[in-house]
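User: Can you walk me through this model? I'd like to start with how the chains meet.

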Amino acid sequence: MTSDSARASSAAEAAFRIPHPNARRRRIALVALDAGAAAAAERLAEQGFPRALALPAEASGDAWLDALLAPAREMPGLLADADHLFLLASACGEAAMAGAVAEAAAARGVPVSAFLLAPGAVQDDALARTLSRLRPVAKMLVVARDDADIAAVLTALRA
Amino acid sequence: MLRREQNELLTRTGPGTAMGRLFRAYWIPALLAEELPEPGCPPVRVKLLSERLLAIRTLDGAYGLIDEFCAHRGVSLWFGRHEEGGIRCPYHGWKYDVTGQCTEVPSEPEENGFCRRIKLTNYPLVKVGDILWTYMGPPEEQPPLPEWEFCRVPPEQTFTSKRLQECNWLQAMEGGIDSSHVSWLHRGALNKDPLFKGAKGNQYNLNDAKPVFEVVDAPGGLFIGARRNAENGHYYWRVTPWVMPSFTMIAPRGDHTVHGHFWIPIDDEACWAWSFDYHATRAIRPEERQAMKDGHGIHVTYVPGTWRPAANKDNDYLIDREAQRRGETMSGVAGIAMQDASLQESMGPIVDRTKENLVSTDNGIIMARHRLLRAAKALAETGVLPPGRDPEHQRIRSAALVLPPDASFVTAAADALRVREGVAHASV
């Protein structure tokens, strides 16, 4: 063999690949945009995935504001530490805070992706409403049929 | 990233492996029909899923796929001679029919029935379209014959080729569902290749090099949608179906023929890349068919007398550094198929997925692996047969279309994503 190793793609040559790790673990932040998403996030946290910040999906008047204030105060810390942000939304959820969260992430240069939880059949208009909130902000979207789909993606991305 | 044991499970397809059992649940392409062109033609050695087999066509025209080696002393039956009712080993004259049943052992008295106790492994071999398909699983679980549209349209509307790819099947297949590489590796081909150029959709591709991906469950696997900005706030969608275990169909461009692939393991370190082109409503034009034979689009030219691409790892894929410098190709390798194959083979025979660093645009790959792992485990542990066997799962299409911004592409393009006889692909 010459000094040019480009042709060294045999099984034997593969053994000489450098075994040193080439990346550190990725910090992935999760934000749940409704109650169904928060429940899924809670189950994932029990499996060892990062605990999600849960935002209120909808409420009226001061109740909504109060519910929002506590998690809103956590947002800067969450994003300051994150390499990537995943939004979690139920297929029929409002995903009302998707834009605001994505804006905060964009201000810190954190890329945003989304999981849309759709375990069964979903009505078109409800799905359209959620999609219209998520699509402008998420650079990738997985329609997940169960928690295992989400776990597979997070694991593959080294969460 | 995959754990080492997950990578092992997904990439090993020999007898007794979980992924091998999964592949053996489907009809898979074994060889081109043209390789056994007539009754009594020379047999063909075929290795599939790490099993060495022999494809034969008897004097009366029947197809068979049997263990390559004579049960007597292990001679390759490729040297065998066709005779009425089967093929005869030239060493000591043992004769077999298309089912692998030994029908004659000349050295033994006919009346003792010795030959009836000898039977080689055999699998069905059936011609559908341009392809001879085989099913290597338990006979009682054999699914209906393949219903892929490309092999059900009239012969003048379809073209199929195959090429040897010298790496594991999974890293080859993952290229087929990784739409994000097109804007880089193949950027020079969209406006030049005769089987791609001229479509309006190409401009959407070239104007927006950062598509957004959506991955959605499908009955047989996944739909992977890549969206780019179009006019009036709408999105241009390119939707790629992936059907288990290894079928993909590329979204169409204009009125060009539609392309797609199967990746079928030869063994754990090589696979067949099957490539088809078809049009649902018209014949392939002579100049299109010639372009396919000349290695354009997703096809290749060959080392004469083989299915090995003329550009291969032993000649550094005929890399042209000047073309790379001029920006005509990204990698210096010519042709879409070999641009893919060269990089996939460079990963090594079986890529070490414990070291990869996937990003969000890789989610089609992530979800496909997840579906394969889940299906392989379900089949191995509880006998649940996997998706993709049902003919309805196979009567699907890719699509390229412009949709409103809030539309689910699976719902809005539901008609476009299924086979409709007499209707062309939805294309831009």
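**Chain contact and salt bridges**

Analyst: Chain B and chain A bury about 3,200 Å² between them, with carbon and sulfur atoms giving 47% of that area. Buried area here is the accessible area (1.4 Å probe) that two parts lose on being put together, summed over both. This is a predicted model: local features need pLDDT of at least 70, side-chain atom pairs count only at pLDDT 80 or more, and totals for chains, interfaces and linings use all residues. Residues are numbered from 1 along each chain as its sequence is written, chains are lettered from A and ligands numbered from 1 in the order in which they are written, and side-chain values use heavy atoms, with hydrogens and water left out.

User: Which three residues supply 17% of the area that chain B buries against chain A?

Analyst: Met1(B), Lys355(B) and Ser360(B), more than any other three residues.

User: And how many residues does the contact take from chain B and from chain A?

Analyst: There are 38 residues from chain B and 38 residues from chain A, where contact means heavy atoms within 4.5 Å.

User: How many residue pairs are in polar contact between chain B and chain A?

Analyst: The count is 21 residue pairs, both residues at pLDDT 80 or more. A polar contact is a pair of N or O atoms within 3.5 Å; within protein, one must be able to donate a hydrogen and the other to accept it, and residues adjacent in sequence count only if both atoms are side-chain atoms.

User: Which elements of chain B supply at least two residues each to the side that touches chain A?

Analyst: They are β13 (212-218), β15 (235-243), α8 (336-346), α9 (363-382) and α11 (409-412) of chain B. Helices (H or I, at least four residues) and strands (E, at least two) are DSSP runs, numbered from the N terminus. The residues on that side of chain B divide into 16 nonpolar, 9 polar and 13 charged. Nonpolar covers Ala, Val, Leu, Ile, Met, Phe, Trp, Tyr, Cys and Pro; charged covers Asp, Glu, Lys and Arg; the others, Gly among them, are polar.

User: What does β13(B) pair with?

Analyst: Strand β5 (residues 140-144) of chain A, in the parallel sense over 3 bridges. Two strands pair if DSSP finds at least two bridges between them. Within this pairing, Phe213(B) is the bridge partner of Met140(A).

User: Now salt bridges. How many are there across the interface of chain B and chain A?

Analyst: The rule finds 5, a salt bridge being a side-chain nitrogen of Lys or Arg within 4 Å of a carboxyl oxygen of Asp or Glu. One joins Glu214(B) and Arg135(A), at 2.5 Å, N to O.

User: Is Glu214(B) buried or exposed?

Analyst: Glu214(B) counts as buried, at 2% relative accessibility, and Arg135(A) counts as buried at 2% too. Buried means under 20% relative accessible area, exposed over 50%, partly exposed in between (1.4 Å probe, protein chains only).

User: What about Arg12(B), what does it form a salt bridge with?

Analyst: Asp268(B), with the closest N and O atoms 3.4 Å apart. The two lie 256 residues apart, Arg12(B) in the loop between α1 (4-11) and α2 (18-23), Asp268(B) in the loop between β17 (258-267) and β18 (270-278), all of chain B. Arg12(B) is partly exposed at 28% relative accessible area, whereas Asp268(B) is buried at 14%.
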